[in-house]
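Dear colleague,

I am passing on a structure that I have been reading through, and I would be glad if you could look at it alongside my notes.

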Amino acid sequence: MKGSYLKSPDLLPITHQNRKIGSFGFSTMWIGMAVVLAAFAIGGEGVKHLSLGWVVLATVIGTLATGFFITLIGDIGIEHGLSFPVYMRAPFGTIGTHIPSVVRGLTASFWFGINTYFGSTALNGILNTLTGFDNWFICYILFAIVQLLNTAFGIKAVEKFADLAAPVIILISIWMYGTLSDKALAHGRHVWNWVESPVTGTAAFTAFIIVIFSNMGFWATLAADIPSISRFIKAPKYEKNWFKRNKNAIMGNMVALPLTQTFMIIIGGVSYIAVQNYDPVVALQEAANGFVLGILLLMIVFAQWSTNTAANVIPAAVIFSNVGGPKVPFYVGVFAAGIVGSVVQPWNLFAVLVPFLLTVGGILSAIVGILYADYYLIRKRRVNVHDLYENNGQFYYAGGVNIAGLLSWGIGGIAAYFLPAYSFLVGFAAGAFSYYMLAKFWWFKKYPQAELSDPSDEKYLGITAGRDWTIELGEELVPEQAPLSVQ
């Protein structure tokens, strides 16, 4: 239908030739994305009751599990070139998708504000050290604008910055570790042996489990909307083997993420051991000075920048573009995310926002379970992609809403909320099971799905069948390249 609000050019499937991100590019994006305040906090909290070695082991377990879930859901983007809010029309409906999607978009925007504030304090510290300038709010405004402009130029611009930032982050992180370790030793604390309040037995096991699930819960939101990024990752046509098809994504999710997250956890732990504060900005200001301090703080700035563009602004912008339709292009969604993340004043609500967002992240884990059940268990990766863009197609359901999806999200979200220590797995399992039962044995009996009635690989698989999905915009065919991937 001409003028359909579902057919925004920025939300069209990405074709095979326009998937430009390889394993190296995706890995460098992860190196930047994993350097965030919450990761430092997990390390700092962990060494209060466990030695740093046990905290590292728990982090490796948690991030490997998370990387696997992210890769599972990322196959939606790999196989069909679809973004998160577009595929969400399948389990939630063409209108119902907006409810969980906007919750995720707001969450990503708030994280943008928090990380920008964190980066602006580091930027202010650099300028204060080098020039005497001291105004963090001006730094916040300038830092926010630069990040938003970088993202507005598209996924390739984000990848190029990640390529630049990654080696800087790695080198300065190693330097940071050495600086903080020396500070800890000066106080008589060996970073790999010191524990603030050691625990044993059941208490030690509980502390270990908390570190595992803290790492998993933190990335629950990205596990849901990873298709918005994975649709740009290179993958071979006609490849039926799941591991071979997702090999470039696996390198980022299962290698780069665990390695980077683990090293950031170490820095957070060492920061706490050195100065009893896991915030590396505070720790570094106590451990270094002058030019050395400026260089170390530069890593914090680069890290928040690369985290925000890929993990927060892109997902939020795609979601806002989906809500607004063709009249809200990707770049408008980018700046909407920046405005939303700033008006909540993260500098005043920091202590409240972080626990709130981590709780919401746990609740959103139910969506990961719903996507898994819908994509793998029910549709078996076959998707009637054309109808995802039709106002009155099979995904319109009852007034544009899939009740099975909304009920399952409620069930999974409540389960995750009341079991916060295990929120990711609880939300995932409850969401997946509820959706499978409700959709397969109730909802899809009322609203038949073409790919279930005729489970044809040739008709409903994407890259595995060598297909590039082509969606008509009114009377004209989709351009070969969607605007988001041009840059």
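Which side chain meets that of Lys-156 in a salt bridge? The partner is Glu-159, with 2.5 Å from N to O, where a salt bridge is taken to be a side-chain nitrogen of Lys or Arg within 4 Å of a carboxyl oxygen of Asp or Glu. Before going further, please keep in mind that this is a predicted model, in which local features need pLDDT of at least 70 and side-chain atom pairs count only at pLDDT 80 or more, while totals for chains, interfaces and linings use all residues. Residues are numbered from 1 along each chain as its sequence is written, and side-chain values use heavy atoms, with hydrogens and water left out.

Lys-156 and Glu-159 are three residues apart in helix H8 (residues 155-186), so about one helical turn separates them; helices here are DSSP runs of H or I with at least four residues, numbered from the N terminus. Lys-156 is buried, with a relative accessible area of 19%, and Glu-159 is buried as well, at 6%, where buried means under 20% relative accessible area, computed with a 1.4 Å probe on protein chains only.

The structure holds 12 salt bridges, and one of them joins the side chains of Arg-381 and Asp-75, at 3.4 Å from N to O. Because Arg-381 lies in the loop between helix H17 (346-378) and helix H18 (403-418), whereas Asp-75 lies in helix H3 (residues 52-80), this pair ties together parts that are 306 residues apart in sequence. Both Arg-381 and Asp-75 are buried, and they belong to a network of salt bridges that also links Glu-79 and Arg-245.

Another salt bridge is formed by Asp-225 and Arg-104, whose closest N and O atoms are 2.3 Å apart. This pair links distant parts of the chain, with Asp-225 in helix H10 (residues 220-225) and Arg-104 in helix H6 (residues 98-131), 121 residues apart. Asp-225 is buried, with a relative accessible area of 0%, and Arg-104 is buried too, at 2%.

Finally, I looked at helix H13 (residues 247-275), where 23 of the 29 residues are buried, so that the helix is mostly covered. A kink of about 35° lies at Ala-256 in H13, shortly before the proline Pro-258, the bend at a residue being the angle between axes fitted to the seven residues ending there and the seven starting there. Just after H13, Gln-276 takes a positive phi of about 60°.

With kind regards

Conventions: Helix = DSSP H or I, 4+ residues; strand = E, 2+ residues; numbered from the N terminus. Buried < 20%, exposed > 50% of the residue type's maximum accessible area, 1.4 Å probe, protein only.
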